[in-house]
Amino acid sequence: MTPRLIVSVSGLGPGAPLTAAVALADALDARRVPATWLVGPQPHPEVAVWATARRRVGDAVLLHGTRTEVGAGRPYRRLPAHEAGLRLAAALRSRDVLGLAVDGFAAPGWSTSDGTRNALAAAGVGLVLDDAGVHRLAAGGAPATSWRGPVTGPGAGAPRRGRPTRRRTRPGLVHLALHAGTPAATAGALVDDALAGGATPLGGGELVGRRAPRRTGAAGDPEDWSITA
């Protein structure tokens with residue numbers, strides 16, 4: 001089976017270096033590889049504008065967590081459905097105020113509980129990116145379609161203890177996790193390695209069924225964006 005490639009980009013919070021993000025997007029556009037941008041629940045308006053523009057050219061935008069405070073409350077892998085639903089409702093209201101559409105959800109730390117997935121499905125958020133891959137959700141939060149593979153790259157974080165490692169099995173997904181400040185040359189080299197290994201890009205159009213537009217040099221001139229948001 002030919003593995004798929006998804007490139008997620010986190011770090012677009014307050015003070016995010018949008019100039020670096022523009023350069024990173026340019027590097028991916030040059031390779032015709034869409035990005036999946038992870039945006040927190042209360043982004044700066046300029047971050048929301050940036051993410052919206054990238055979504056229009058075929059990238060995906062995922063809600064990155066439901067709280068702005070790092071480490072606040074129970075971790076996402078332990079949340080019951082009711083608490084997850086309350087958090088999610090508040091995060092989606094903040095998103096709506098900014099007019100930011102999202103295609104799915106990714107938890108900081110990459111792990112989500114059954115209750116979190118149940119709340120996402122109930123709220124109409126039908127895509128989850130986690131430490132096992134990317135999943136379209138059916139009613140009740142069960143995965144309906146999945147591309148499975150571990151998180152790799154400089155933005156992957158430490159692996160969770162107790163997660164078994166499969167050996168001698170080629171994953172169906174290469175998930176390359178980057179930070180928005182990753183140098184474009186570094187990101188480009190990592191993507192080139194994945195492409196050379198036979199992975200084919202997986203973008204927003206295929207993930208959520210949106211029509212994918214033609215990809216051009218869509219990131220724009222870095223001078224059009226603030227250095228910090």
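A crossing of two helices is called left-handed if the near helix is turned anticlockwise from the far one by less than a right angle, and right-handed if it is turned clockwise. The model is predicted, so that local features need pLDDT of at least 70 and side-chain atom pairs count only at pLDDT 80 or more, whereas totals for chains, interfaces and linings use all residues. Residues are numbered from 1 along each chain as its sequence is written, and side-chain values use heavy atoms, with hydrogens and water left out.

**Exercise 1. Describe the crossing of α1 and α5, from its geometry to the residues in contact.**

Step 1. Helices (H or I, at least four residues) and strands (E, at least two) are DSSP runs numbered from the N terminus, and the protein has six helices and ten strands.

Step 2. Axes are lines fitted to C-alpha atoms, for helices over the stretch in contact, with angles running from 0 to 180 degrees between N-to-C directions. The axes of α1 (residues 18-30) and α5 (residues 184-196) come within 9 Å and cross at roughly 30 degrees. This makes α1 roughly parallel to α5, given that angles under 35 degrees count as roughly parallel, over 145 as roughly antiparallel, 65 to 115 as roughly perpendicular and the rest as oblique. The crossing of α1 and α5 is right-handed.

Step 3. With contact meaning heavy atoms within 4.5 Å, α1 contributes Ala23, Leu24, Ala27 and Leu28, and α5 contributes Ala184, Ala187 and Val191. Sorted by class, the residues of this contact are seven nonpolar, no polar and no charged, where Ala, Val, Leu, Ile, Met, Phe, Trp, Tyr, Cys and Pro count as nonpolar, Asp, Glu, Lys and Arg as charged, and the others, Gly among them, as polar.

**Exercise 2. Describe the crossing of α3 and α4, and then state what covers the buried residues of α4.**

Step 1. The axes of α3 (residues 81-98) and α4 (residues 114-122) come within 8 Å and cross at roughly 50 degrees, which makes α3 oblique to α4. The crossing of α3 and α4 is right-handed.

Step 2. From α3, the residues Ala81, Ala84, Gly85 and Leu88 meet Gly115, Thr116, Asn118, Ala119 and Leu120 of α4. This contact has five nonpolar, four polar and no charged residues.

Step 3. The buried residues of α4 are Gly115, Thr116, Arg117, Ala119 and Leu120. Their cover includes α3, β4 (104-106), β5 (127-130) and β6 (133-137).

**Exercise 3. Classify the ring pair of Trp37 and Trp50, and locate both residues.**

Step 1. Rings of Phe, Tyr and Trp (its six-membered ring) pair if their centres lie within 6.5 Å, and planes under 30 degrees apart count as stacked, over 60 as edge-to-face and the rest as tilted. By this rule there are two aromatic pairs.

Step 2. The ring centres of Trp37 and Trp50 lie 5.4 Å apart with the planes at 85 degrees, so the pair is edge-to-face.

Step 3. Because Trp37 belongs to strand β2 (residues 35-39) and Trp50 to helix α2 (residues 45-56), the pair ties together parts that are 13 residues apart in sequence. Trp37 is buried at 0% relative accessibility, and Trp50 is likewise buried at 0%.

**Exercise 4. What are the phi values of Arg32 and Trp110, and is each residue buried or exposed?**

Step 1. Most residues other than glycine have a negative phi.

Step 2. Arg32, in the loop between α1 and β2, has a positive phi near 55 degrees and is exposed, with a relative accessible area of 56%.

Step 3. Trp110, in the loop between β4 and α4, has a positive phi near 75 degrees, but Trp110 counts as buried at 9% relative accessibility.

Methods
Buried means under 20% relative accessible area, exposed over 50%, partly exposed in between (1.4 Å probe, protein chains only).
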